[in-house]
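Subject: Structure handover and what was found

Dear colleague,

Here is the structure I promised to pass on to you. Please look it over first, and then read the notes that follow.

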Amino acid sequence: MNQLLNAPKFQEQQQVSFAGGQGRILSLQADGIDWLYSVQMPLGVEPDMGRIGYETIVLMSEAELSSTIS
């Protein structure tokens, strides 16, 4: 049986939440019969020594995300 890919539930720049945090969708890509999303988590308060690394970006499946109202 051939299963079709549904339209994505979320769009780029949309605010989403998930177990452990919130973030903004940077990009999405089809993965077989589901969608994967690159989600950028917000930065915390900048430490006194300044930033030395990049923001945290996680790759998550559509089932792990919920939309937030902003």
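Accessible areas here come from the Shrake-Rupley method with a 1.4 Å probe, and for residues only the protein chains shown count as cover. On that basis the chain exposes about 5400 Å², of which carbon and sulfur atoms supply 51%. Please keep in mind that this is a predicted model, in which local features need pLDDT of at least 70 and side-chain atom pairs count only at pLDDT 80 or more, while totals for chains, interfaces and linings use all residues. Residues are numbered from 1 along each chain as its sequence is written, and side-chain values use heavy atoms, with hydrogens and water left out.

Overall layout. The chain has zero helices and five strands, where helices (H or I, at least four residues) and strands (E, at least two) are DSSP runs numbered from the N terminus. The order from the N terminus is therefore simply β-β-β-β-β. Of the 70 residues, 24% count as buried, a term that stands for under 20% relative accessible area, with exposed meaning over 50% and partly exposed in between (1.4 Å probe, protein chains only). With contact taken as heavy atoms within 4.5 Å, 42% of the contacts with a separation of 6 or more are between residues 24 or more positions apart.

Strand pairing. Two strands are said to pair if DSSP finds at least two bridges between them. Strand β2 (residues 21-31) runs antiparallel to β3 and is joined to it by seven bridges, with S27 standing opposite S38 in β3. The hairpin of these two strands has two residues between them, and G32 takes a positive phi near 75° there. On β3 there is also an antiparallel pairing with β4, over five bridges, and in β4 the bridge partner of Y37 is M60. Strand β3 is mostly covered, since six of its seven residues are buried.

Leaving aside neighbours within four places in sequence, L65 is in contact with F10, V16, S17, F18, I25, Y37, V39 and M60.

The aromatic pair. Rings of Phe, Tyr and Trp (its six-membered ring) pair if their centres lie within 6.5 Å, and planes under 30 degrees apart count as stacked, over 60 as edge-to-face and the rest as tilted. A search of the whole structure finds one such pair: the rings of F10 and Y37 have their centres 5.5 Å apart and their planes at 80°, so the pair is edge-to-face. The pair links distant parts of the chain, as F10 lies in the segment before β1 and Y37 in strand β3, 27 residues apart. Both F10 and Y37 are buried.

Two single residues. S61, found in strand β4 (residues 57-61), counts as buried at 19% relative accessibility, and S61 touches D34, W35, L36 and Y37 when residues up to four places away in sequence are not counted. Q13 lies in the segment before β1 and has a positive phi of about 75° although it is not a glycine. Most residues other than glycine have a negative phi. Q13 is partly exposed, with a relative accessible area of 47%.

With best regards
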